Amino acid sequence: MTDSAMNEPFATRRTFAIISHPDAGKTTLTEKLLLNGGAIHLAGEVKARGAARRARSDWMKIEQQRGISVTSSVMTFAREFEGLGHITFNLLDTPGHEDFSEDTYRTLTAVDSAIMVIDAAKGIEPQTRKLFEVCRMRNVPIITFVNKVDREGRPVFEILDEVADALALDVSPQSWPVGMGGQFEGILDLKSGRISRPEGDSREFLGKVDHEPVPEEFAEEIELGQAGYPEFDLEAYRHGDLTPVFFGSALKNFGVAELIDAIARIAPPPRPQPSEAGVIDPSGNEVTGFIFKVQANMDPMHRDRIAFMRLVSGTFKRGMKLTPSALGKPIAVHSPILFFAQDREIADEAQPGDIIGIPNHGTLRVGDTLSETNKVRFTGLPNFAPEILRRVQLKDPTKTKQLRKALDDLSEEGVIQVFYPEIGSQWIVGVVGQLQLDVLISRLEAEYKVGAMLEPAPFDTARWVKGEAKALSDFAEFNRANLAKDRDGDPVFLARSSWDVSYQQERNPELTFSATKER
Ligand code: G4P
C-alpha cells in the first residue's frame, strides 16, 4: 500500500477468517475475539445467538444434533488501538466441518488474512492443512494461534517444528508458554520479556493476570527457543513465507488480547483483487465488489435471500445503483445489511474490505461482480468438482416443478451442485461431502415441502467440458448418456471413474475436462 493509501478509510479494515479443525476452539475463540473487541459484553452470546438462529428453521437442526456450525456468517466489531486509532474487524465465520470445505474455500476468497487455530495437544490435522493450502494459493497470510495451552499439551518445540514442517514455512513465536506439557507457568511475551501467569498456583485462569519476570528454571528453554526461530518479519508474513505464532487459551481468555492486537497491527488491510482486466485497487473510486456467498431463507417467513458482497473498491452508500454482472441491468441497493456482532444493522456507508448483505429474490449469485459501470469482472471464485453424486427421487411425482426450483435455489447458494442429464429425467446432485446431502434432504422438506430420497448414481465424479463447438458436439454424439448440463446450462461430463476422465481426455485432446469452474 502506498503512503497516501494509509490515510484512506479502508486502511482501518481487517477482514479475516479463522481456519481450524473442528473442536480446536474456533467458536470459543470467536466469542473471545468479540469480547476483547468490545463487541459483546458476555461470553456465551455467540452460542446463544447461534441457538436462536438454529431454532428458526428445521434444517438447522442438523447443526444442533451434530454440534457443528453449517452456515457461515459475518461479524463486524471495532475498537481503538494505541497509536493506530479505530480499527474495524470483519470476521468471516467459516464452517468447521470438513464436508463444508467448498463453502469455506469460497469464504477464503473474501478475506485478506486468516488465523489458524491449532489444538496444542493435537497439532495440524489434514483439514487444517488443506485450508492452509487454499490460503497459500490465494496469498492469504496466516497468524497461528496455538490454543488450549491451559491443558496438558506437547512440548512447544515439537508444535513449532510441526507447523514449520507441515506447512513448509518459517515460524516465528511471538509468545512462549512456559512449562507447557508439564507444570504450566504462564505465557511469556517475547518482546517485553514479561510473563502472564494464571493467578495463584491453581491452574485456573481467572481473567486477571499477574505480570512477573520469567522464572529462573525456564530461562534456558526460552533462550533456546528464541534463538532457534526467525524474528518476525512483516514482509515475509504478508508474503506468506512466515507465520507468527501466539499461544493461549480461548476458553480461559488468555493470550487472546495479544492475538487481537496482532491482527490490528500486522494483518494486511484490504488488498487489490484480480479481475479480467487486471487488479482492482481498493483506492479506486468506482464501487465494485463480488458475491462470495448467498444464503436463502434466513427468515422462514420470507423467501428473501441474502447475498454477501465483499466490497473491493469505492465508498458504498445506501441506495446506490450497482449492476450485477450476471443480470446486466442495475439494481438499487436500498437495504444493505452490515453485520455488527450484536445485531444486523442497516448500512449507510461501507468501505473496501467491508461485507454487506444484500437482500434479494434470487437475482444475485455466488461469483457475481457488482459495479457501477458494469465493466469489471472479478476472477477466481471456483466451483469444485463434486466427489459424491446422487440421483434425486421424488416421493410425490407431482412435485417436479417445486423440486427443480429448490435444486436451482440450493445450487445457487452453493449447498449442492445440480446436473440435468441429457437423457432421462432423473436429476443428479453433486456434493463434496456427505453432510451436504443431509442438509439437502432436510431443507427440501422444511423450506420447499418436497419429500425426496437420494439413490446411488452410476457416476463417480464430474468434469466441466470445454472446447470448440464442433469438438463438443462430436463428443456429445458419442457420450450422450454421460452428459448433463449444470445450472448455467454448461456441459458436464459425468464419469464412472477417474480413469474414465483420463481416458476421455486422452481421446479428446481438443477438449478440456476441468475439475473446477469459475463462477
Ligand atoms: P470449534 O468451534 O473449533 O469446533 O471448537 P469449540 O470452540 O466449540 O471448542 C471445542 C471444545 O474445546 C469445547 O469443549 C471448548 O470448551 C473447548 N475449548 C476451547 N478452547 C479451549 C481452551 O483454551 N482450553 C480448553 N481446555 N478447552 C477449550 P466442549 O466440552 O466440546 O464444549 P462445551 O461443552 O465447553 O461447549
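Predicted model: local features only at pLDDT ≥ 70, side-chain atom pairs only at ≥ 80, totals over all residues.
View 1. How far apart are the ring centres of Tyr-420 and Trp-427, and at what angle do their planes stand? The centres lie 5.1 Å apart and the planes are at 90 degrees, so this pair counts as edge-to-face. Tyr-420 also has a charged residue over its face: Arg-404 lies there, at 3.8 Å from the ring centre.

**View 2. Phe-475 and Phe-493, a ring pair between a helix and a strand.** Here the ring centres of Phe-475 and Phe-493 are 5.6 Å apart, and with planes at 65 degrees the pair is edge-to-face. Phe-475 belongs to helix H12 (residues 469–479) and Phe-493 to strand S29 (residues 491–495), so the pair ties together parts that are 18 residues apart in sequence. Are these two residues buried or exposed? Phe-475 is buried, at a relative accessible area of 3%, and Phe-493 is buried too, at 1%.

**View 3. A cluster of phenylalanines.** Take a look at Phe-16, Phe-77, Phe-81 and Phe-89, which ring pairs link into a cluster. One member, Phe-81, has Arg-79 over its face, at 4.2 Å from the ring centre. For the model as a whole, the count of aromatic pairs comes to 14.

**View 4. The open sheet of seven strands.** Follow the strands across the sheet and you will read the order S2-S3-S1-S4-S5-S11-S6, with mixed pairing. Which strands stand at the edges? They are S2 (74–81) and S6 (170–173); each has a single partner strand, so one side of each is left without a neighbour in the sheet. On average, neighbouring strands of this sheet are turned by 30 degrees against each other, direction ignored.

View 5. Which residue of S11 is the bridge partner of Asp-170? That partner is Leu-242.

Terms used:
Residues numbered from 1 in each chain as written. Heavy atoms only, no water. Pairing = 2+ DSSP bridges. Helix = DSSP H or I, 4+ residues; strand = E, 2+ residues; numbered from the N terminus. Axes fitted to C-alpha atoms, helices over the stretch in contact; angles between N-to-C directions. Phe/Tyr/Trp six-rings, centres within 6.5 Å; stacked < 30°, edge-to-face > 60°. Buried < 20%, exposed > 50% of the residue type's maximum accessible area, 1.4 Å probe, protein only. Lys NZ or Arg CZ within 6 Å of the ring centre and 35° of its normal.
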